[in-house]
Amino acid sequence: MTMSDDDILAPRRSRSGPSRTTSGPEARGPIIDQDGREVRPETLEQGFREFRFELGKDNPFAGSPFGNLTREQRIARLEAIAKLLDVAFILPGTNIRYGIDGLIGLIPVIGDIITTAISLWLVREARALGAPWYVTARMLGNVALDGVVGLVPFAGDAFDVVFRANMRNVRLLRRWLDKQPRM
């Protein structure tokens, strides 16, 4: 049995008289998944019990949505985000690479604020990895330059494509990390 769009948007009223109000899952009718199959309420309740966040102080994952990642996993995550922001796509017919930083930056002011916030998060992660003040200062300079010039319509977006502040910052962090002794 499939439902029409009208039934989804405005469910049918009971034809047996005035609508009665009852509580519980029967009041709304069956729960249907995206394939049109009925989902039993017990299944949902079990799923909700399994899908739960514990944000207490005893939780090892508290304060970190990514859990306890190793140093190399955190660096790989930073590199992946920097590539997505700066060099994820190729302009067809050319060798010019750009990322979502250039695309989001096309939205006046708001786009540049969003991409600058993400870039600042990358700097924060570098600091959490132990990067010294002079490395983070250079990283902040790159983010500031990218953010300020990015505010200029169109020219700032072209600058985002060419300057690639996030890739520069990850490269700075990687160079510093390569000089550190392995533990």
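**Exercises on a predicted helical and stranded protein**

V109 is partly exposed, with a relative accessible area of 46%, where partly exposed lies between buried, under 20% relative accessible area, and exposed, over 50% (1.4 Å probe, protein chains only). The model is predicted, so that local features need pLDDT of at least 70 and side-chain atom pairs count only at pLDDT 80 or more, while totals for chains, interfaces and linings use all residues. Residues are numbered from 1 along each chain as its sequence is written, and side-chain values use heavy atoms, with hydrogens and water left out.

**Exercise 1.** Place V109 in the chain and state how far it lies from L151.

*Solution.* Begin with the secondary structure, which comes to eight helices and four strands; helices (H or I, at least four residues) and strands (E, at least two) are DSSP runs, numbered from the N terminus. Next, locate V109 in the loop between helix 4 (100–104) and helix 5. Finally, compare sequence with space: V109 and L151 are 42 residues apart in sequence, and their C-alpha atoms are 6.1 Å apart.

**Exercise 2.** Describe how helix 6 and helix 7 are arranged, and which residues meet between them.

*Solution.* Two packed helices are described by the angle between their axes and the distance between the axes. Here the axes of helix 6 and helix 7 (residues 155–163) come within 8 Å and cross at roughly 150°, the axes being lines fitted to C-alpha atoms over the stretch in contact, with angles from 0 to 180 degrees between N-to-C directions. The two helices are therefore roughly antiparallel to each other, a term for angles over 145 degrees. On the helix 6 side, N142, L145, D146, V149 and G150 take part, and they meet G156, D157, F159, D160 and F163 in helix 7. By type, the residues of this contact divide into four nonpolar, three polar and three charged, with Gly counted among the polar residues and Asp among the charged.

Definitions and conventions:
Angles under 35 degrees count as roughly parallel, over 145 as roughly antiparallel, 65 to 115 as roughly perpendicular and the rest as oblique. Contact means heavy atoms within 4.5 Å.
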